[in-house]
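Me: Hi, I have this one open and would like to walk through it with you. Can we start with how the chains meet?

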Number of protein chains: 4
Amino acid sequence: MNRKLRMGMVGGGRGAFIGSTHRMAAQMDGLIELVCGAFSSDPKRSKLSGKDFFLPANRVYGSYKEMFEKENQLPEGDRMDFVSIVTPNHLHYPVAMAALDAGFHVVCDKPMTMTVKEAKDLEKKVKQTKKLFCLTHNYTGYPMIKEARDMVKSGQIGKIRKVVAEYPQGWLAANIEKDGNKQAGWRTDPKQAGSTCCMGDIGSHAENLAEYVTGLQIEELCAELTTFVPGRQLEDDGNVLVRFNNGARGIIWASQIATGEENQLNIRVYGEKGSLEWHQEEPNSLIVRWLDKPKEIRRTGVGIGKISAGATRLPAGHPEGYLEAFAVLYKNFANALAALLDGKKVEESSCDYPQVSDGVRGMQFLEAVVRSNKAKQKWVKM
Amino acid sequence: MNRKLRMGMVGGGRGAFIGSTHRMAAQMDGLIELVCGAFSSDPKRSKLSGKDFFLPANRVYGSYKEMFEKENQLPEGDRMDFVSIVTPNHLHYPVAMAALDAGFHVVCDKPMTMTVKEAKDLEKKVKQTKKLFCLTHNYTGYPMIKEARDMVKSGQIGKIRKVVAEYPQGWLAANIEKDGNKQAGWRTDPKQAGSTCCMGDIGSHAENLAEYVTGLQIEELCAELTTFVPGRQLEDDGNVLVRFNNGARGIIWASQIATGEENQLNIRVYGEKGSLEWHQEEPNSLIVRWLDKPKEIRRTGVGIGKISAGATRLPAGHPEGYLEAFAVLYKNFANALAALLDGKKVEESSCDYPQVSDGVRGMQFLEAVVRSNKAKQKWVKM
Amino acid sequence: MNRKLRMGMVGGGRGAFIGSTHRMAAQMDGLIELVCGAFSSDPKRSKLSGKDFFLPANRVYGSYKEMFEKENQLPEGDRMDFVSIVTPNHLHYPVAMAALDAGFHVVCDKPMTMTVKEAKDLEKKVKQTKKLFCLTHNYTGYPMIKEARDMVKSGQIGKIRKVVAEYPQGWLAANIEKDGNKQAGWRTDPKQAGSTCCMGDIGSHAENLAEYVTGLQIEELCAELTTFVPGRQLEDDGNVLVRFNNGARGIIWASQIATGEENQLNIRVYGEKGSLEWHQEEPNSLIVRWLDKPKEIRRTGVGIGKISAGATRLPAGHPEGYLEAFAVLYKNFANALAALLDGKKVEESSCDYPQVSDGVRGMQFLEAVVRSNKAKQKWVKM
Amino acid sequence: MNRKLRMGMVGGGRGAFIGSTHRMAAQMDGLIELVCGAFSSDPKRSKLSGKDFFLPANRVYGSYKEMFEKENQLPEGDRMDFVSIVTPNHLHYPVAMAALDAGFHVVCDKPMTMTVKEAKDLEKKVKQTKKLFCLTHNYTGYPMIKEARDMVKSGQIGKIRKVVAEYPQGWLAANIEKDGNKQAGWRTDPKQAGSTCCMGDIGSHAENLAEYVTGLQIEELCAELTTFVPGRQLEDDGNVLVRFNNGARGIIWASQIATGEENQLNIRVYGEKGSLEWHQEEPNSLIVRWLDKPKEIRRTGVGIGKISAGATRLPAGHPEGYLEAFAVLYKNFANALAALLDGKKVEESSCDYPQVSDGVRGMQFLEAVVRSNKAKQKWVKM
């Protein structure tokens, strides 16, 4: 590839947290440039946002439909290569379907869709169109998560017996959606967020992380969802017992009423020979425990693993954070896309970003959690 | 009291971990002296142990029955005041009943009995005999646990919504009972340990800690017990969802196959206004999070609470550990007993040690966990 | 400003750590684009590097002199606005002087020059040309460092009494320059690095951080420099006692033979009412101790300070790292430069990046350290 | 030995911190009992203290002289075996000399004496009388400190290059001696404390720890002492550059005005192959860094070293603290004394407690620090 890849964006205008995150992550490695966008359902707001990003006025659109149509009329040398979808949940599916139909590759925020049915539709569409699709389960981009996955895969910690994945946050401990907090507003609104709040927004990250690190699949689960804040329509806390396909047992829980917690995603994986522990708020350390050796702290930049090294940009001790991990997804996606556009073989390492199939599993997990919560019997199949 | 209190001991001879712990804890504050013992079911081993502790030969007995009988024949000025029971689980009940019947006060290791029925019997006996009874749920002796309880009680963190209590250990990750490890042997033997291994041995500490800190009671639970190590007769891992009597939700889990974990008991309590986090392996810190203030680290020796200060022996920064916390139970018990023997009013602060009623709740918890594990429906009452 | 600022780069071609750091930092916030460069003293290597960054061939130059000349011949609408100098130390001075003379604003890596004389020359030149000059003492870009500075400034911790700033690294514990390590090679070569290795490379960061956070100035110092690795020409370890202009005492030490240490820059500031502690390897926490209140952990994204909030890009709990802090310097510089080019008033907050005067102080510190090391008397004036 | 050893105590009556510490430490392992004491220079206070400890009235003395005389008149079967000296500094020397002259073995708090001359006198006396003498540099009793010493000794971290030992406290940040704080009173009074406050009280611990762990000796030093609190007579802060006898360089600093610090003694030792880091406030972890392997956390109870295991009482994860470490000194001293009294060979491991020679070095260090502080030249010999 002798040029940067061209990205369009749907959603993510002024004031949207996740939009600016995607832009910084996409542009960090100098492989991607933002060329156009439909940044808001309000065309005026979209225009103003485009100005913030120094885009020419004619590349800032009033709607995603307009964007896909007009971009397709541009010569290939100008036209965007892929679209990044950073809208509230309920728009992920229609925008992604439309983008794929219009011939664009897709990066999409999570949860992927509102239902399992939509997820499977989208999976089918990706297969038909042969376009690349990246779901931004961004936490899998951390080098030490890749190191953990690598250690499990190569058998270093032995057969896995137990997994605990937690995601406590405290920002919804009070009814801030009532006071007009926009981020809280759409996440607690069933029409925009779907059938879950806490589990869809953050529990799905914990589930994805557990399956990514262990390479196992959840088969059965037993869940309880609770809404603690009066007047809230969706759950703000969820506890789930899980069974994996190798017989391992686990706990996945998430909470948005864990007062004072910031963004405490963490995972512990216990194997027959060793165990792993990782905390998102101190992401450059991976705690490794052994049956009969001292505890080790493996660190970003000194990891032995080739894969984790490939996700690292700086020498040891220069902390890499959330944006860098997010950018690893974009980098891998960009490398895969560049190879595809150049007609070259896509390296396996470039495909190390969450796929549409991860999105299907995520929706199946959420659907099973909701079903189990209502059920009287202990276990439901996922 | 113008003398030290006189303690006899049942169990805890040479090589027993918990026996030496009880002796060090009992004697730390200079209020109690060991005067006699039946240290082993093997009379010869009992004699040798007595020598280790510099006891006169005539105060070292071949059985607890002999001890209770002979001590009662001694003049009041020599006779032991109370007995400390540190045998394997199945003997707690008969020895405690016999001691109370013989007129001795009792300190007893946990779990208190083998069944709920025994626990209630014992509770009745304590009431009838009006003797003092202390169950050594030792983790409640830590100053920062008392600080946490105090903060909850005084409403500082608001109404409690969620509690997570964990107790991971890794020492039973392999089948060491097969290789003759004595500590592992009796704990995994249903005849000596009862119907559970992991939950009775350590899960019950997590349950007790959760109720002690929050002042709440578990009402319903949903459990899964698993035996991971082939050939083992009792469970070595347990996950329990719980519901408290104020509507709070929780998770209690314990494991003895959490490879590489030492003794990682910890608890997190989330309230409407703040939250608390405590780890047994770093016991002198209590992490306090708030809705809208920076996170605080409260520390042993600088806590404001009168109760936690009363459980502290050293200036701030001089770490107190497991033995000191254990000794707080003995100190409070000794102060209560001294007051009783002196015919004085027992201070409320001296009664701050686990009572026979805690033992009843512990057995009810274990019984409910076993019942729920076998049940198909999600929730069982405790 | 209705466009991105245009950056040229001197040095930082393929394989250079600090070059890619500057590029990622400069481009993170979408305010700056790389438009040209003289990336290596080897013109062929420069060309290849330019290709990596997708630059047109005619904007990749064989030398910085050629770059300044040719860029000046371009129309104003295309020409670079400023140059980023990321060469080995000995070239900082001549390149910066030439850039200023040619009318370009400058971002320059540290240490600024090889001597105090050069530093003062450069300071004079900056004043004469009225160009902006930013020295990348990047650690001052961390939000919690700005929070610390703000707390000191507003008197929250009282008059400062003691400051300890450390910078241990272990990567030069063995003679890796002998084995061809390029990074080690020029840093240990007096011709390229100047009269110090460890103190110039990292000790100067500790000094700068101490003065930035406290607002104080070092007046006197007493130093010892040591070369531990046989065959090395410059020191790899330095310990310095310092006296500040308000009477405070301090220790500044740096080491590159602190085996196993990664990049452990840290600072502790003790005031009459409180104290501050910060570690670069966990940069999102600022530990605050008080005379009579519990220890606090202030965190990026929940800090109260307006200044630290302005240096933050993500919600609390989403860790920001080394690149983000580095990018804060570029962002502030870009905002100042944009205002200047637009003929607007430069906001005070935009000037919060290290100035040429910081570079003069840094050189004075290094010169005094070397002088003190050779002296027999205890204290030398800085 | 078929009985407990009999301890007398000088000082340490009601309200004295260090007295109760010594008693708890001495009695923890069941090898020593307190039989008599001269607990205060005020005979009435001494009597009351004796009652607190349940001592018979005739074994509580009005002065140490009386105690030594009267105890010597008791039959050997009752008489105390050794005396524990826990008075303010200025009395250590006369009491210890008198005890040795009277034929008693000695445990003595630090700093050992007021001057180097006294220290050498005492050393001579110990040799002449052939009595055992233990100086309670208690921090050397921690298992992970013994593990560290063992790792250095066996060459695991290679030749030592740099040592940093710190001891920050904050309790003297304000002039609390003025308000009648007794602990602060005598420590800041030259008549009772000697020529230093901060360095004698805590700096000497840092010095002792550095020499104990490394097995090296300080040869030269360069010091600055500062009194920050107005009206205080002795220094409350000290910074010292040191040179060891193998060429290693180091920093030893202590402060009692480090606001908010509790008892933060810590040490870092950097060798050619690895490095060690230990913090007294989290004493059960030893951080080990390597040239080319992940960082390890060695832990009390899982250490491989025989020596550290011998200083451990509990299984891994059951935190041992300050009192347990202090008790290791008493245990080793008791074992050595028991062997001596039994006419047996004293095991080398039993001699692992600080000797009178450590006290001489401590006084030499303090004397050199004071001398260097006043000197204009940089380095003075120790």
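Reply: Happy to. This is a predicted model. In it, 49 residues of chain B are in contact with 49 residues of chain A.

Me: How much area is buried between chain B and chain A, and which residues of chain B lose the most?

Reply: About 3500 Å² is buried there, and carbon and sulfur atoms give 53% of that. On the chain B side, B:Arg161, B:Thr259 and B:Lys378 lose the most area to chain A, together 21% of what that side buries.

Me: And how many salt bridges are there across the interface of chain B and chain A?

Reply: The rule finds 10 salt bridges. A:Arg243 forms a salt bridge with B:Glu224, with the closest N and O atoms 2.6 Å apart. For polar contacts, the count between chain B and chain A is 26 residue pairs.

Me: Which element of chain B gives the most to the side that touches chain A?

Reply: That is strand 9 of chain B, with six residues. The elements of chain B that each supply at least two residues also include strand 6 (160–168), strand 7 (218–226) and helix 12 (356–374). By class, the chain B side divides into 19 nonpolar, 15 polar and 15 charged residues.

Me: I keep looking at A:Lys162. Is A:Lys162 buried or exposed?

Reply: A:Lys162 is buried, because its relative accessible area is 0%, and the cut-off for buried is under 20%. A:Lys162 sits in strand 6 (residues 160–168) of chain A.

Me: Which side chains does the side chain of A:Lys162 make polar contacts with?

Reply: Two in chain B can be named: the side chain of B:Asp237, at 2.9 Å, and the side chain of B:Asn239, at 2.6 Å. Leaving out residues up to four places away in sequence, A:Lys162 also touches residues of both chains, among them A:Arg249, A:Arg268, A:Tyr270, B:Gly238, B:Trp253 and B:Ser255.

Me: Nice. Now chain D against chain B: how many residues does the contact take from each?

Reply: The contact takes 34 residues from chain D and 34 residues from chain B. The area buried between them is about 2800 Å², of which carbon and sulfur atoms give 63%. D:Phe54, D:Glu262 and D:Pro319 supply 23% of the area that chain D buries against chain B, more than any other three residues.

Me: What about salt bridges and polar contacts between chain D and chain B?

Reply: There are four salt bridges by the rule. In one, the side chains of B:Glu262 and D:Arg299 meet at 2.9 Å, N to O. Polar contacts join 12 residue pairs between chain D and chain B. Helix 1 (17–27) and helix 11 (322–341) of chain D are the elements that give two or more residues to the chain D side, and helix 1 gives the most, with four. That side has 16 nonpolar, nine polar and nine charged residues.

Me: Last topic, helix 5 of chain C. Which of its residues are buried?

Reply: The buried residues of helix 5 of chain C are C:Val116, C:Glu118, C:Ala119, C:Leu122, C:Glu123, C:Lys125 and C:Val126. Their cover includes helix 4 (89–101), strand 5 (133–135) and helix 12 (356–374) of chain C.

Me: Why would a helix have residues pointing the same way?

Reply: An α-helix has 3.6 residues a turn, so residues three or four places apart point the same way.

Me: How far does helix 5 of chain C reach, and what follows it?

Reply: Helix 5 (residues 116–129) of chain C has 14 residues and reaches 20 Å from its first C-alpha to its last, close to the 20 Å expected. C:Lys130 follows helix 5, and its phi is positive, near 60°.

Technical notes
Residues are numbered from 1 along each chain as its sequence is written. Chains are lettered from A and ligands numbered from 1 in the order in which they are written. This is a predicted model: local features need pLDDT of at least 70, side-chain atom pairs count only at pLDDT 80 or more; totals for chains, interfaces and linings use all residues. Side-chain values use heavy atoms; hydrogens and water are left out. Contact means heavy atoms within 4.5 Å. Buried area is the accessible area (1.4 Å probe) that two parts lose on being put together, summed over both. A polar contact is a pair of N or O atoms within 3.5 Å; within protein, one must be able to donate a hydrogen and the other to accept it, and residues adjacent in sequence count only if both atoms are side-chain atoms. Ala, Val, Leu, Ile, Met, Phe, Trp, Tyr, Cys and Pro count as nonpolar, Asp, Glu, Lys and Arg as charged, and the others, Gly among them, as polar. The expected span of a helix is 1.5 Å times one less than its number of residues. Buried means under 20% relative accessible area, exposed over 50%, partly exposed in between (1.4 Å probe, protein chains only).
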